[in-house]
Amino acid sequence: MVAESAPALVVVGESDGAAAALLSTLVHGARGGSEGANEASSDDLEGPGPHALRLDTKYYTVDVAATVHTLPDESSTGDGNTPGVCPEAVVAVFDPTKDGSFAKITKWCQARDPSWSPEIRLLVCRYPTKDALDAEASSSADKADDWAVENGYEAVAVIASGGAADETLELHGDAQGTRRVRAALEAHMWPGLTMKRGDGSSTSASVLSESKKEEAGGTTEEEDETPGGPDDDFERMLGEMTRVRAMGANASDSERRAMAADAAMMMMSRFGIFESDDDSDEDEGATAGAA
């Protein structure tokens with residue numbers, strides 16, 4: 001069951017079921033690890049959705065409403081229309097070994113109204129097998145990457161057959177496969193996410209936002225004594241993430257990933273959620289030595 005307020009993810013693909021199969025892999029991988037992901041198939045998902053996709057990272061958890069949008073086949077008319085209100089993320093899937101698949105999916109992406117511009121945009125090159133990727137020396141993946149850079153997407157190659165071929169896939173030194181798709185989704189600041197704290201507690205992003213609205217009408221004595229707070233940090237962090245995403249719109253894959261990593265480190269540092277006890281001990285030792 002997916003809450004009506006859950007942020008949205010749309011996976012777009014052709015009528016061959018590739019989009020549903022990829023989403024099933026993400027859903028089952030999130031539930032049961034890579035083994036479950038490798039065994040997942042489009043048969044596990046009934047209908048276009050929404051399907052519940054839980055992203056549970058080291059730093060936050062969030063439930064996402066994921067739907068499958070199937071493009072019409074060659075005998076149909078139209079371009080498949082726009083799937084409802086603009087989601088937080090869109091994953092466009094095509095088969096690089098299938099004639100016309102790349103042109104069809106990119107045409108659909110480019111035909112979207114400017115107001116329909118998700119924060120996360122992925123173009124997934126879904127090869128049937130690792131041999132299919134090796135056979136063409138990844139030329140189609142490079143073509144997809146060129147298009148993605150020009151259009152504000154990130155191109156990711158995955159192996160449909162799964163297994164180690166997908167889990168360890170790399171191109172030009174960059175991680176690929178379903179793990180990269182999931183990592184890109186997890187790098188986003190989803191509305192309604194629940195942050196994990198170093199002390200084991202958690203803080204909902206929506207709670208922080210509501211708290212900010214309620215206190216906007218006045219200033220408490222405590223606020224006067226201690227300017228700022230978790231809610232202020234959260235808003236500044238969101239602004240920084242938005243700025244980084246705008247900067248990366250026309251950057252290459254590697255540049256976007258580097259900027260995303262820097263932004264993630266900023267987020268972790270701001271909330272103090274990446275420091276371990278060992279780090280604290282080292283800091284105390286260093287301070288004692290300096291003294």
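1. The side chain of S101 reaches the backbone nitrogen of D95 at 3.0 Å. This is a polar contact, meaning a pair of N or O atoms within 3.5 Å; within protein, one must be able to donate a hydrogen and the other to accept it, and residues adjacent in sequence count only if both atoms are side-chain atoms. The model is a predicted one, in which local features need pLDDT of at least 70 and side-chain atom pairs count only at pLDDT 80 or more, while totals for chains, interfaces and linings use all residues. Residues are numbered from 1 along each chain as its sequence is written, and side-chain values use heavy atoms, with hydrogens and water left out.

2. S101 belongs to helix 2, residues 101-110. Helices (H or I, at least four residues) and strands (E, at least two) are DSSP runs, numbered from the N terminus. S101 counts as buried because its relative accessibility is 0%; buried means under 20% relative accessible area, exposed over 50%, and partly exposed in between, with a 1.4 Å probe and protein chains only. Not counting residues up to four places away in sequence, S101 touches E14, F94 and D95, where contact means heavy atoms within 4.5 Å.

3. E14 takes part in a network of salt bridges with K98 and K104. A salt bridge here is a side-chain nitrogen of Lys or Arg within 4 Å of a carboxyl oxygen of Asp or Glu. Between K98 and E14 the closest N and O atoms are 3.6 Å apart. K98 lies in the loop between strand 4 and helix 2, and E14 in the loop between strand 1 and helix 1 (18-39), so this pair ties together parts that are 84 residues apart in sequence.

4. The second salt bridge of E14 is to K104, at 4.0 Å from N to O. This pair also links distant parts of the chain, since K104 is in helix 2 and E14 in the loop between strand 1 and helix 1, 90 residues apart. E14 counts as buried at 9% relative accessibility. Both lysines are partly exposed: K98 has a relative accessible area of 36%, and K104 has 26%.

5. The structure holds 6 salt bridges. Another of them joins K196 and D56, with the closest N and O atoms 2.6 Å apart. K196 lies in strand 9 (residues 194-196) and D56 in strand 2 (residues 51-56), so the pair ties together parts that are 140 residues apart in sequence. K196 is partly exposed at 27%, and D56 is partly exposed at 44%.

6. Strand 1 (residues 8-13) is mostly covered, with 5 of its 6 residues buried.

7. P87 lies in the loop between strand 3 (60-70) and strand 4 (89-94). P87 counts as buried, at 4% relative accessibility. P87 and A8 are 79 residues apart in sequence, yet 4.7 Å apart in space from C-alpha to C-alpha. Leaving aside neighbours within four places in sequence, P87 is in contact with A8, L9, V10, W116, P118 and E119.
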